[in-house]
Amino acid sequence: MAAPRETGQHRAPLMRSATTVHRADEGLPELDDSELVRRVQAGDRAAFAGLVRRHGGALLRFTRLFVREAAVAEEVVQDTWMAVLEGLAGFEGRASFKTWLYRILANRARTRAVREGRSVPFSALAAAEGDEHAVDPERFDAAGEWRDPPAGWTDETPERLALEAETRGVMEAAVAALPPAQRAVLVLRDEDGLETEEICNLLDLTVTNQRVLLHRARTRVRQALEAHMRGGRRC
């Protein structure tokens, strides 16, 4: 299997194919990452465009957890794809392509965050949230019973309502308002589908911290959805 030559002449057309308005990968069948990687290693430009198209949005979301400016985040993602091109010939698949990709991105995002003066580790942010209650204690009476129980989970569940544009907007706003460490864990787990071990490695968290952050983030988002379902009444 021939790997693409690591030259500027080879990399440039691959990058152009990933950003062109007419996407060359639109005619490809739904292939998994490993097959797309194999095709890129064989010199298939459209396969590389397919990887960029599949993962580009998630990478940009992840980068914004580290850097504030959208333009800076886009530069970090572009640098990551260039590094992928340079290293893909030697990628042996010991980890999944997605895990390998996020590790490259995390290293570049952290480096850029330090340069931009935003270098507080997520592990420190997680520790700072140690005394936060997952659910407001005022929702319980002295006997530990609900004063204000959660909204009923019938056919009109938050999951179903999330399909509606208005409710999706409420959910997105709730996620955006989360503390940084909670938002990072929630996005990586529930939106990008990473496993616990991968998230802990990327964010330098313990398994316990990761679980607590994820629980708190999901609770906050659910509470926002409950408030929306009740017409904005405080829950």
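**Salt bridges in a predicted model**

Guide: Aspartate 192 counts as buried, at 5% relative accessibility. The model is a predicted one.

Visitor: Why is aspartate 192 called buried?

Guide: Buried means under 20% relative accessible area. Aspartate 192 has 5%, so it counts as buried.

Visitor: What makes aspartate 192 and arginine 61 a salt bridge?

Guide: The cut-off is a side-chain nitrogen within 4 Å of a carboxyl oxygen. Their closest N and O atoms are 2.5 Å apart, so the pair meets the definition.

Visitor: Which parts does this pair tie together?

Guide: Aspartate 192 lies in the loop between α9 and α10, and arginine 61 in helix α3, so the pair ties together parts that are 131 residues apart in sequence.

Visitor: What makes glutamate 35 and arginine 39 a salt bridge?

Guide: Their N to O distance is 3.0 Å. The limit is 4 Å, so the pair counts. Both lie in helix α2, four residues apart, about one turn of the helix. Glu35, Arg38 and Arg39 are linked in a network of salt bridges.

Visitor: Are glutamate 92 and arginine 94 buried or exposed?

Guide: Exposed means over 50%. Glutamate 92 has 59%, so it is exposed. Arginine 94 has 77%, so it is exposed. The two form a salt bridge, with the closest N and O atoms 2.8 Å apart.

Visitor: How many salt bridges are found in the whole structure?

Guide: The search finds nine.

Definitions and conventions: Residues numbered from 1 in each chain as written. Predicted model: local features only at pLDDT ≥ 70, side-chain atom pairs only at ≥ 80, totals over all residues. Heavy atoms only, no water. Helix = DSSP H or I, 4+ residues; strand = E, 2+ residues; numbered from the N terminus. Buried < 20%, exposed > 50% of the residue type's maximum accessible area, 1.4 Å probe, protein only.
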